[in-house]
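Hi everyone, thanks for coming. I'd like to walk you through one chain of a model today, so let's get it up on the screen.

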Amino acid sequence: MHMTSQTARSRSKGAAAAYRNKTKTYRRVSIALAALTAVGFAALPTFWLANTYQVRVATLVMMWMGLATAWNIVSGFTGYISFGHAALFGSGAYVVGLGTARYDLELWVALPLSFVLVGALSFFFGLLTLRIKGHYFAIATLGVAEAIRVLINYARSITEGVVGFPLPIDLILIDPKVPYYIMLGGLIAVVITAAMILSSDFGIRLLAIREDEAGAEALGINTARSKVIAFTISGAFSGFFGGMFAWILNFLSPESVLTPFVSLQVAVMVIVGGMGTIVGPLAGGLGFYMLSEFALVTAPRLNLLLLGSVLIVSMLFMRRGVFGTLMASRFWPRGFRL
Amino acid sequence: MRPDSLLLEVSGLTKHFGGVVAVDDLDLRVNRGEIVGLIGPNGSGKTTTFNIISGALRPDEGTIVFDGTDITSWPTYRIARAGLARTFQLTRVFDEMTVYENLVAAAGSRAEVVEERIGPLLELVRLEDHLAMPAGNLSIGQQKLLEMVRAAALGADLFLLDEPFAGINPTMERHLIDLINHLQSEGSTFLLIDHEMQLVTELCSYIYLMDFGRNFAEGTPEEVREDPRTLEAYFGKGYIAGTRDQ
């Protein structure tokens, strides 16, 4: 009796240890892949991108990849679909825009400030909306986002309303490679954050909420707290990318950063790429932005049609998105989250 | 006869849904180390009682004292952390997470102690080779076993099992009984809902019979089985009257 329980213990410990070793290998593979990609992006402006336009496009590609990753931290991991990220992105843009144009802040102060202030805003946004479950949450986020847009529209004395305002001229004159590398830094930071969350105990709690919130609650998980933390992290990064966008755009109006279209686009990127994965939002952001840029250049009026078609086809044939489908297939190693 | 170290005491529990009284002035006592059965016809309020004890529903009246602490109306996650775990009638494993991740979600961390404590249980129910498998790919019986082990990973003292034996094959049923007996031998306590009189008699040392949300009868399995109120609860007053006429 004693002997059998001893061998049982060592056998199961062996199985658990083998599983852990496998996940360690997966982690090493992911880190190697990520490092290679980062080096590739870092080398791009020197070796491949020929002119300012291309550097700009590459910068915006990284911005969408980063924003998609940030959105994924809350919506992909916990399953709470946010249609309000335009508000967080837009608020970040207004922190940098108003900070530099109206309050004479240095850009190097305004950018971190967009991260911190929008993080704080997201905390309250999350407290307010995350009690609402399922589809109602999505609608609530849309509502709160619209409220923020209207607020900025009407606070004309500060924000210039719908007319908008330009950013200081000296920001416009900075070499476009500077925002490129800062954006790359932001992208690396958000991807590392997302990957660390996904491979942590906290990440497992978030996934449990996505799978079955009541079940997670019954296992001692403080779901409300976990969701608000995820939302705050997601929002802080969204704010930062918004701040970067204001700088790159050089001109700020609600129309460019606060429309529901921004929320929708980032959601579609992640859904098509693969929710809850790390590469999904990156691939979705890259593919989708390149596609829409291509569509905009070749068929300006048809780009929305094209994007809509991609979404419909993806929903019909790949509910989990490209990488979600791949990772759920039997060819993919079990427990390897990439 | 019953061990006398009180672990769970439910008194005067009442819950209305609109005009319907789902649970009506219910009293339950579960002592440490016992396996107590909660039986009764469909709709008699058993699952509602579980929902209230585990914090998913708030009672209109009554108190729930667990391990000396009044946990009435605590949030679900706090009740779970206090050591009161439940399983569901329909299994609720996290389908797209691996078996290992399911266990980590319950245990709270990947710490070594999880494997130390949980390993033997996984071995006992033959799940140890499925750690990397998505839980949704397990059979229903295996999912029930995983749910149990997961509740153990949470560190539960008291398990509320809602029809653990419904819809699983005899092999899985055997594993489940072994697991319950094993956990009981390590000091765990159980309150379980089931319809299978044979199993309840085999497992439980004490039984509560509910009907219309109330305590209808209680006692050892033999006492409850012999009690005319049991037949009345399941088959109605006419049945009793019929037998008496013969």
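In chain B of this predicted model, 6 strands make an open sheet, in the order E6-E7-E8-E3-E9-E10, with mixed pairing. At the edges sit strand E6 (84–87) and strand E10 (214–219) of chain B, each pairing on one side only. On average, neighbouring strands of this sheet are turned by 20° against each other, direction ignored.

E6(B) runs parallel to strand E7 (residues 158–162) of chain B, and 4 bridges join the two. Here B:Arg86 has B:Leu160 in E7(B) as its bridge partner.

Now please find the hairpin. Strand E1 (residues 6–17) and strand E2 (residues 20–31) of chain B run antiparallel, joined by 8 bridges. B:Leu13 stands opposite B:Leu26 in E2(B). There are 2 residues between the strands of this hairpin, and B:Gly18 takes a positive phi near 60°.

On to a helix I like. Are the residues of helix H3 (residues 99–107) of chain B buried or exposed? 9 of the 9 are buried, so the helix is largely enclosed by the rest of the structure. Among them are B:Tyr100, B:Glu101 and B:Asn102. Just after H3(B) comes B:Gly108, with a positive phi of about 95°.

Finally, the partner chain. 34 residues of chain B are in contact with 29 residues of chain A. Helix H2 (76–81), H3 and helix H4 (112–124) of chain B are the elements giving two or more residues to the side that touches chain A. That side of chain B divides into 16 nonpolar, 6 polar and 12 charged residues.

Thanks, and I'm happy to go back to any view.

Conventions
Residues numbered from 1 in each chain as written. Chains lettered and ligands numbered in written order. Predicted model: local features only at pLDDT ≥ 70, side-chain atom pairs only at ≥ 80, totals over all residues. Buried ≥ 20, exposed ≤ 12 C-beta atoms within 10 Å, placed from the backbone. Contact = placed C-beta atoms within 7 Å. Nonpolar A, V, L, I, M, F, W, Y, C, P; charged D, E, K, R; others polar. Pairing = 2+ DSSP bridges. Axes fitted to C-alpha atoms, helices over the stretch in contact; angles between N-to-C directions.
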